[in-house]
2 protein chains.
Amino acid sequence: MSISTGQQFSYAKRVQNVPQSFVREILKVASNPEIISFAGGLPNPSLFPVKELEACSATAFQKFGRQALQYASTEGLYPLREFIANRYKQRHKLDVSPEQILITNGSQQALDLIAKLFINPGDKVVVERPGYLGALQCFSMFQADILEAGLDNDGINTQELDGLLSCNPVKFFYGIPNFQNPTGISYTEEKRRKTAGILARHGTPFIEDDPYGEISFGYKTPAPIFSHLPDQTILLGSFSKIIAPGLRLGWMLANPEIIRKATILKQASDLHSGNLTQYILCEFLAKHDLDMHIERIKQQYEHQCKVMLEAIHHYFPFSISYTRPLGGMFCWLTLPQGITARELLQRALKENIIFVPGDTFYARDADPQTLRLNFSNVAEDAMKQGLRKLGSMI
Amino acid sequence: MSISTGQQFSYAKRVQNVPQSFVREILKVASNPEIISFAGGLPNPSLFPVKELEACSATAFQKFGRQALQYASTEGLYPLREFIANRYKQRHKLDVSPEQILITNGSQQALDLIAKLFINPGDKVVVERPGYLGALQCFSMFQADILEAGLDNDGINTQELDGLLSCNPVKFFYGIPNFQNPTGISYTEEKRRKTAGILARHGTPFIEDDPYGEISFGYKTPAPIFSHLPDQTILLGSFSKIIAPGLRLGWMLANPEIIRKATILKQASDLHSGNLTQYILCEFLAKHDLDMHIERIKQQYEHQCKVMLEAIHHYFPFSISYTRPLGGMFCWLTLPQGITARELLQRALKENIIFVPGDTFYARDADPQTLRLNFSNVAEDAMKQGLRKLGSMI
């Protein structure tokens, strides 16, 4: 017996607030192998340590089989949290304990937990302009009022940030100080200190998202803003760009009180992150030299970035402006007046080329002249060919 | 330079609403090997197909290595969604398509997405009394006003349900019609039809959680309420109890419009569920006979349930009442007046025995005489010994 009824579901207000990711829509086109895609935010799969992870998976099954397949603690596997804490000690002399780390499903879930922790509908948060789409989506879902502070070439525009914090009660400032998505811009040491000072003065917490910090091109990444403002910062990290996103493992570092609260919210959200994959990852980190692995990623991405910047310089009109990333996966272009990124995309699609129009990365008053190009996952020849064609279209 | 600041974080209202799971607190004690634990909700790890999953993992790495380690679609792996849709066809003649299925991190994440989809602060939802703690936590986190309808031995008390729906605007009714957690109670065929009728009449959506439906003891589980009310029901499933929870994979079945909206929310929540584990699971489902595997689980749990019921009958005073589950993992006891479950737990802890006091499973006006006993993960001898001691304490 099937009782016929009308549509009885009535959605929550937050549902109207979440734009579907245009990036992920474009990526559906990208499965066509003839497409030259500058659109994705994907790490290069040729650098995934497939054989090594396969062996680590076998070991994890043999050593911890039943345990790795059972329910686990919400906080995450202790040795994994220890590894992360130690790495902060080694890289940046941060004195943090495993108890300050919560394992999440990539850093995107950390954003979800942070939104749950702090955002009441209508609360104001500040993000970078342009900013990470996944954060815009997540904060919108929780009905935040999103304010934007502009990005300069050396990091956040501190005057704008200061102005916003002076005029508004703000729950937190969210930013990506290393090789930002979508622009590739990094905060200088000086800018970090200044930003920390402003945040301290206003008592505004900082959500420091750092998925790309390890992928630097012959450049010593300054210490995270967390090091200047440990009580007031939540630092997010991810294994997606340095090992593999398919494991879905990232983390949140914060003071123990926040981690305890975030753990309760995670418990109600999905109990815990993948247990088997945490065991596999732990094996990998114990057996392999992560620095050496990351070195290979850095070298390849640095080369691909160089090829991209040279091709842009060579094929694109002089009137274009673009960032020169010191790491990460993205470059950001501003087109001359006369053609918008959406118009360019329409033409590019006919030539089987795709990229993400920059207007996607603004909370309001989008700049239609901007676009994001990914260099981590485009083969050298395709990159040159694609950029030559794009250049001739502009 | 470390700028010293006070605590600047100001939590959202929802944070005050989420009680930490007492169950998970008790489970921390349970890691002591001398403890006899009736507390967990854990499947029996001796039944995990460790060898098989290890082999499937090797195959997944070899066949799909880079793909399985890359970012993936939010909806989940298509063949996995196909498998789930087909199984509904085989088991219950449900005509559902893979497009109606969204892969989640266990069914707990489906609850999070449902709360995101439907609950505005203060919205009323109806749950079973007593009800699943993870749902109470999740709906509380989203500031729902939780109403409770009592459970009878044949399922929800339809009079109470009808009464609540008549007097209140209710966003949805949430229940577990098969071998409920915490009571082990199942809805009869008759009760399902009646429930569907009431929900149809009031136009109230049903969230049908079904993690245990496949674990039935020589008893043909009636078709889900979804089959009576497909446009108005969201049906949740999980691989945690039939394969292994450490994979963190479950799903949500609903009409395509809801799945589309839930997919956008999941995108903002954690992009997608574990990709590698989805490939491993797909290999397992393609290569092995799931029915045969589940048959082994059913036989063992049925035996353990029988041992538990016999021991209760044998060792407990006549004045106690308890459910006689037809499947699942839990039995529910009501103590005679004179001793509460919390008092019993204090005594039991001294004898290294733990269980979950039933008051945890109520939204309000908890019954202090009740308690939940898990039988899936207790060895036969320990079970007899533990129940004998418990019986003598009462």
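Predicted model: local features only at pLDDT ≥ 70, side-chain atom pairs only at ≥ 80, totals over all residues.
View 1. Most residues other than glycine have a negative phi, and most peptide bonds are trans.

**View 2. B:Gln143, a second residue with positive phi, in the loop between α5 and β4 of chain B**. Phi of B:Gln143 is near 60°, again in a residue other than glycine, and the loop that holds this residue runs between α5 (133-141) and β4 (145-152) of chain B. Because B:Gln143 has 19 C-beta neighbours inside 10 Å, it counts as partly exposed.

**View 3. The contact between chain A and chain B**. The contact takes 80 residues from chain A and 79 residues from chain B. On the side of chain A that touches chain B, at least two residues each are supplied by α2 (50-69), α4 (106-118), α5 (133-141), α7 (189-202), α8 (256-270) and α9 (275-287) of chain A, and the largest share, 10 residues, comes from α2(A). By class, the residues of this side divide into 37 nonpolar, 30 polar and 13 charged. A rotation of 180° with 0.0 Å of shift along its axis superposes chain A on chain B, with an RMSD of 0.0 Å, and the two copies are thus related as by a two-fold rotation axis. Of the interface residues of chain A, 99% are also interface residues in chain B, so the copies meet through the same surface. The model scores ipTM 0.95 and pTM 0.96.

**View 4. Domain 1 and domain 2 of chain A where they touch**. The domain assignment of chain A gives domain 1 (15-48 + 292-393) and domain 2 (73-271), and their centres, taken over C-alpha atoms, are separated by 24 Å. Their contact takes 30 residues from domain 1 of chain A and 32 residues from domain 2 of chain A. On the side of domain 1 that touches domain 2, α10 (290-315), β11 (330-334) and β14 of chain A each supply at least two residues, and α10(A) gives the most, with 6 residues. This side of domain 1 has 18 nonpolar, 9 polar and 3 charged residues.

**View 5. The open antiparallel sheet β10-β11-β14-β13 of chain A**. The sheet is formed by 4 strands, and its edge strands, β10 (321-322) and β13 (356-357) of chain A, each pair on one side only. β13(A) pairs with strand β14 (residues 370-374) of chain A in the antiparallel sense over 2 bridges, with A:Pro357 standing opposite A:Leu371 in β14(A).

**View 6. Strand β2 of chain B and its pairing with β9(B)**. From strand β2 (residues 101-104) of chain B, B:Ile101 and B:Ile103 point one way and B:Leu102 and B:Thr104 the other way, and all are buried. β2(B) pairs with strand β9 (residues 250-253) of chain B in the antiparallel sense over 4 bridges, and B:Leu102 stands opposite B:Met252 in β9(B).

**View 7. B:Phe375 and B:Val378 in the loop between β14 and α12 of chain B**. B:Phe375 counts as buried because 24 C-beta neighbours lie inside 10 Å, and B:Val378 likewise counts as buried, with 24 C-beta neighbours inside 10 Å. Not counting residues up to four places away in sequence, B:Phe375 touches B:Tyr301, B:Gln304, B:Cys305, B:Met308, B:Met329 and B:Cys331; with the same exclusion, B:Val378 touches B:Ile36, B:Ser37, B:Phe38, B:Gln304 and B:Met383. The C-alpha atoms of B:Phe375 and B:Cys331, 44 residues apart along the chain, are separated by 7.4 Å, while B:Val378 and B:Phe38, 340 residues apart in sequence, are 6.9 Å apart in space, C-alpha to C-alpha.

Technical notes. Residues numbered from 1 in each chain as written. Chains lettered and ligands numbered in written order. Contact = placed C-beta atoms within 7 Å. Nonpolar A, V, L, I, M, F, W, Y, C, P; charged D, E, K, R; others polar. Pairing = 2+ DSSP bridges. Domains from an automatic or database assignment. Buried ≥ 20, exposed ≤ 12 C-beta atoms within 10 Å, placed from the backbone. Least-squares fit on C-alpha atoms with pLDDT ≥ 70 in both.
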